[in-house]
Amino acid sequence: MLQFLVVSPHTEEDCSKVVKLTLAIGYLTHFHWGCKVGDHTAYAIIEAENEQEALLSIPTVVRNKAKAIKVIQYDPKDVQGW
Ligand SMILES: [Zn+2]
């Protein structure tokens with residue numbers, strides 16, 4: 001399974017609606033939210049087969065503003081000698 005960093009911004013006006021919709025689709029606790037410091041964006045690492053599948057974690061009302069970036073982790077031994 002691939003991992004994607006999902007970044008999903010929303011407006012302050014839409015904040016409570018987006019949080020409730022994320023709860024409704026079962027992804028509330030997958031995300032970390034910047035809302036309390038004025039960064040109305042949800043961040044999560046989502047396991048999925050592809051970018052489109054990863055974006056299913058985002059409510060449809062804001063999905064067009066979200067992005068899913070395929071990310072990897074480097075093993076320390078792989079980095080030696082770079
Ligand atoms: Zn918010």
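Close-up 1. The side chain of Asp75 meets that of Lys77 in a salt bridge, 3.7 Å from N to O. Lys77 is exposed, at 59% relative accessibility. A salt bridge here is a side-chain nitrogen of Lys or Arg within 4 Å of a carboxyl oxygen of Asp or Glu. Side chains of opposite charge can pair when their charged atoms come close.

Residues are numbered from 1 along each chain as its sequence is written, and side-chain values use heavy atoms, with hydrogens and water left out. Because the model is predicted, local features need pLDDT of at least 70 and side-chain atom pairs count only at pLDDT 80 or more, while totals for chains, interfaces and linings use all residues.

**Close-up 2. The salt bridge between Asp14 and Lys17.** The closest N and O atoms of Asp14 and Lys17 are 3.8 Å apart. Both residues are partly exposed: Asp14 has 24% relative accessibility and Lys17 has 42%. A search of the whole structure finds 2 salt bridges.

**Close-up 3. The zinc site.** His10 (NE2), Cys15 (SG), Cys35 (SG) and His40 (ND1) coordinate the zinc ion at 2.1 to 2.3 Å. Donors are N, O and S atoms within 2.8 Å of the metal (3.2 Å for Na, K and Ca); water is not among the atoms, so sites may look incomplete. Angles among the 4 donor atoms run from 104 to 113 degrees, and the site is tetrahedral, a label given to four donors if all angles lie between 85 and 135 degrees. Along the chain, the donors follow the spacing H-x4-C-x19-C-x4-H. Cys35 is buried, at 15% relative accessibility, and His40 is buried with a relative accessible area of 15%.

Close-up 4. Ser8 is found in strand β1, residues 2-9 (strands are DSSP runs of E, at least two residues, and helices are runs of H or I, at least four, numbered from the N terminus). Ser8 is buried, with 3% relative accessibility. Leaving aside neighbours within four places in sequence, Ser8 is in contact with His40, Thr41, Ala42, Ile58, Val62 and Ala66, contact meaning heavy atoms within 4.5 Å.

Note on methods. Buried < 20%, exposed > 50% of the residue type's maximum accessible area, 1.4 Å probe, protein only. Tetrahedral: all angles 85-135°; square planar, octahedral: opposite > 155°, others 65-115°.
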